[in-house]
Amino acid sequence: MYDQTPNKANGYNRNLYRNPERGMLAGICAGLADYFDIPLWAARLIAISLFIFVTQLFVIAYIAGYFLLAKRPRRTEQKADAYGQKEEHHLFQYQKPAAQRLKDIQQRMQEIDRKLRRMEGYVTSKRYQFQREINDL
């Protein structure tokens, strides 16, 4: 049976790896940038800031990251789309553009608002009060 216990080899079941191919020193910043889906320069800027302000803590954390995070596997997967065409999917798949994600969030919020209105309408209705009185008997 397949064991899904989080460990170093499987990226702690969170796809968390070092990325030495993109990294300058062991690939810790590159791996964290991949994991948090932020630009590599931003991860490096955060690392430099931490190094300047809390040097000892940063060095300990960076060394711990080197030993606790495995190198990113080099595999890619072949997957057929709806039309049977092969499409290459890399280990890290990037999300939709920010504008599309904002539209998706707006649609989800409108759906939540609609459900909330329906629920409030039911809770304040006479039918709800009637059902509650029947249940109290």
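1. At 24% relative accessibility, A26 counts as partly exposed, because its value falls between the 20% limit for buried and the 50% limit for exposed. In this predicted model, A26 sits in the segment before α1, the helix spanning 28-36. The residue deserves a remark on its backbone: A26 is not a glycine, yet its phi is positive, at about 75°. Most residues other than glycine have a negative phi.

2. D37 and its backbone. A positive phi is also found at D37, a residue other than glycine, where the angle is near 55°. D37 belongs to the loop between α1 and α2. With a relative accessibility of 34%, D37 is classed as partly exposed.

3. Overall architecture. The secondary structure of the chain consists of five helices and two strands. Along the sequence these elements follow the pattern α-α-α-β-β-α-α.

4. Burial, surface and contacts of the chain. The chain has 137 residues, of which 18% count as buried. Its accessible surface comes to about 11,600 Å², and carbon and sulfur atoms account for 59% of that area. Where contacts join residues at least 6 apart in sequence, 38% of them link residues at least 24 apart.

5. Packing of α2 against α3. Two packed helices are described by the angle between their axes and the distance between the axes. Helix α2 covers residues 40-53 and helix α3 covers residues 55-68; they pack at an angle of about 130°, and their axes are 5 Å apart.

6. Residues at the α2 and α3 contact. Which residues of the two helices make this contact? Helix α2 contributes A47, L50, F51, I52 and F53, while helix α3 contributes T55, F58 and V59. By class, the contact of α2 with α3 comprises seven nonpolar residues, one polar residue and no charged residues.

7. Aromatic pairs. The model contains five aromatic pairs. One of them joins F51 and F58, with 5.8 Å from centre to centre and 75° between the planes, an edge-to-face arrangement. Both F51 and F58 also take part in the contact between α2 and α3. Their accessibility classes are as follows: F51, at 40% relative accessibility, is partly exposed, whereas F58, at 17%, is buried. The value for F58 is under the 20% limit, which is why the residue is placed in the buried class.

8. The angle exceeds the limit, since planes over 60 degrees apart count as edge-to-face. Y66 has a relative accessible area of 40% and is partly exposed, whereas F67, with 56%, is exposed. Ring pairs also link F51, F58 and Y62 into a cluster.

9. I46 is a residue of helix α2. Is I46 buried, partly exposed or exposed? Its relative accessible area is 48%, and I46 is accordingly partly exposed. The C-alpha atom of I46 is separated by 9.1 Å from that of C29, and the two residues are 17 apart along the chain.

Notes: Residues are numbered from 1 along each chain as its sequence is written. This is a predicted model: local features need pLDDT of at least 70, side-chain atom pairs count only at pLDDT 80 or more; totals for chains, interfaces and linings use all residues. Side-chain values use heavy atoms; hydrogens and water are left out. Rings of Phe, Tyr and Trp (its six-membered ring) pair if their centres lie within 6.5 Å; planes under 30 degrees apart count as stacked, over 60 as edge-to-face and the rest as tilted. Buried means under 20% relative accessible area, exposed over 50%, partly exposed in between (1.4 Å probe, protein chains only). Axes are lines fitted to C-alpha atoms, for helices over the stretch in contact, and angles run from 0 to 180 degrees between N-to-C directions. Helices (H or I, at least four residues) and strands (E, at least two) are DSSP runs, numbered from the N terminus. Contact means heavy atoms within 4.5 Å. Ala, Val, Leu, Ile, Met, Phe, Trp, Tyr, Cys and Pro count as nonpolar, Asp, Glu, Lys and Arg as charged, and the others, Gly among them, as polar. Accessible areas come from the Shrake-Rupley method with a 1.4 Å probe; for residues, only the protein chains shown count as cover.
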